[in-house]
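I opened the model to look up helices and ring contacts. My notes follow in the order I took them.

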Amino acid sequence: MKPEILSVDEELLLRMAVPGPRYTSYPTVPEWREPFPQEGARAALRRASRTPDDPLSLYVHLPFCERRCLFCGCTVEITRRADRVESYLGALEMEIAMVAGLLGDRRAVLQLHLGGGTPTHLSPAELRRLHAALAQRFEILPGAEVSLEVHPHVTSFEHVDTLAELGFNRVSMGVQDTDPHVQEVIHRDQTVEETERLVEHCRRRGFEGVNLDLMYGLPEQTEATFAATLDTVARIRPDRLAVYGYAHVPWLKKTQTALERWNLPDPVLRARLFALAIERLGAAGYDVIGLDHFALPTDALHRALTDGTLQRNFMGYTTHAADDMVAFGMSSIADAGGTFLQNERETKPYEERVRKGELPVVRGLDRSPEDDLRREAIQSIMCRMRLDLGELEQRFDRTDLAEHFAREWRELEPFVAEGFCTLTPRRLDVLPKGRLFLRHMAMVFDEYLRAKEPQGPRFSQTV
């Protein structure tokens, strides 16, 4: 079936450009408790051990980069010192052993992802060492999604060969923009040829999926330059694309202030760039999957959306998420035993606490039954493109959700008029245009967002 090419007008995008969460978790991170007690973190992992037959998702944060990209909002450490990587790997090995002990017999893994930073800042030998530490304590199941993020400029064919031998089967490559001037401004050093060669080599080595990441709203971008980027990327033909709006959050990432001397796209241009991505990628055969994501009909993410198995966690959209996710490394976030846990956000405090035999958790949240109910409602909208109150009642053993969500149902009515969804007394169905505005519909169910008066900037723009 030919993908539906969406058309979204500029006025609508401008009207919908408001701050909002991305809902990789609910409740969102600003609501979590800091500090979070050590015993509370241990108790959460012990609760997760009670279902030993259920597989896990694993995430490992590798924060190192040789150079800071000025747009970056990730938690990174800029270094070229080999001893820093050596020290960090040692701490990771200790944390992996500590957490595995608390999980008891629960060791099967359905999803493993290495994020960063730049995971391929590690040498092939260091990647082998990390994988061995994980494989010693956990069993990566046949058919598991084993993935990582890479920067093409620092990723060699030897890296790819090593990863293929270790069982990695999906790779996500940061591109952001192919225009040389835009790259120079944001401190991105990467040619189209490097990206093309790496994509081709990954495919030769049997990777099941290759993703490319783009960003709109970067300084010095114009409609003409971004159109050229979109056409170039469509020619490379990744299986899926993530097209993120640049989040200018200098109150969180001070390095972004360096970009303010350049021409940052105003709201009108941001809207036009986003509309351009929708138009060009649709014409190239990519369907809108959900928040920021586009995929070819042959991609696993597209199939998961079609058959209702698409899921979302701290790694974003996925086809393999487990009920519990365990995370290792500085700043990493776990979801285990009904509790969110985040590690120390700097490498040295992280390493110091691990070497003392402590879980390096700095903040977290024990979810309430109401949190879990609303979390599932948001997940259903974001992943299954529907919210069926009958299904939700069955899952939570309730019969009163039409009354419980009466206010939310009234607040969804304007989205029907916009053509984002259809609404009956007990069911919401997201229409194709509505896939671009999932955050807005999800925000209706966020009782923390409703309850709190804004106290300074908290979230990036939704468009």
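I began with helix 8, residues 223–236. Helix 8 has 14 residues and reaches 20 Å from its first C-alpha to its last. That is close to the 20 Å expected at 1.5 Å a residue; the expected span is 1.5 Å times one less than the number of residues. Helices here are DSSP runs (H or I, at least four residues) and strands are E runs of at least two, numbered from the N terminus.

I noted the source. This is a predicted model, in which local features need pLDDT of at least 70, side-chain atom pairs count only at pLDDT 80 or more, and totals for chains, interfaces and linings use all residues. Residues are numbered from 1 along each chain as its sequence is written, and side-chain values use heavy atoms, with hydrogens and water left out.

Next I checked burial in helix 8. Its buried residues include Phe226, Leu230, Val233 and Ile236. Buried means under 20% relative accessible area, exposed over 50%, and partly exposed in between (1.4 Å probe, protein chains only). They pack against helix 7, strand 7, strand 8 and helix 9, where contact means heavy atoms within 4.5 Å. Just after helix 8, Arg237 takes a positive phi of about 65°.

I moved to helix 13, residues 389–396. Which of its residues are buried? I found Leu389, Leu392 and Glu393. Seen down the axis, the buried residues of helix 13 fall within an arc of 100°, so they line one face. The arc is that of the directions from the helix axis to the C-beta atoms. The face turned away carries exposed Gln394 and Arg395. Helix 12, strand 17, helix 14 and helix 15 are among what covers the buried residues. Asp397 follows helix 13 with a positive phi, near 55°.

Then I looked up rings. I counted 11 aromatic pairs. Rings of Phe, Tyr and Trp (its six-membered ring) pair if their centres lie within 6.5 Å; planes under 30 degrees apart are stacked, over 60 edge-to-face, the rest tilted. How are Tyr216 and Phe274 arranged? Their centres are 5.2 Å apart and their planes at 15°, so the pair is stacked. Tyr216 is in strand 7 and Phe274 in helix 9, 58 residues apart. Tyr216 is buried at 2% relative accessibility, and Phe274 is buried at 5%.

Phe405 and Phe445 pair edge-to-face, 5.2 Å centre to centre with 85° between the planes. Both Phe405 and Phe445 are buried.
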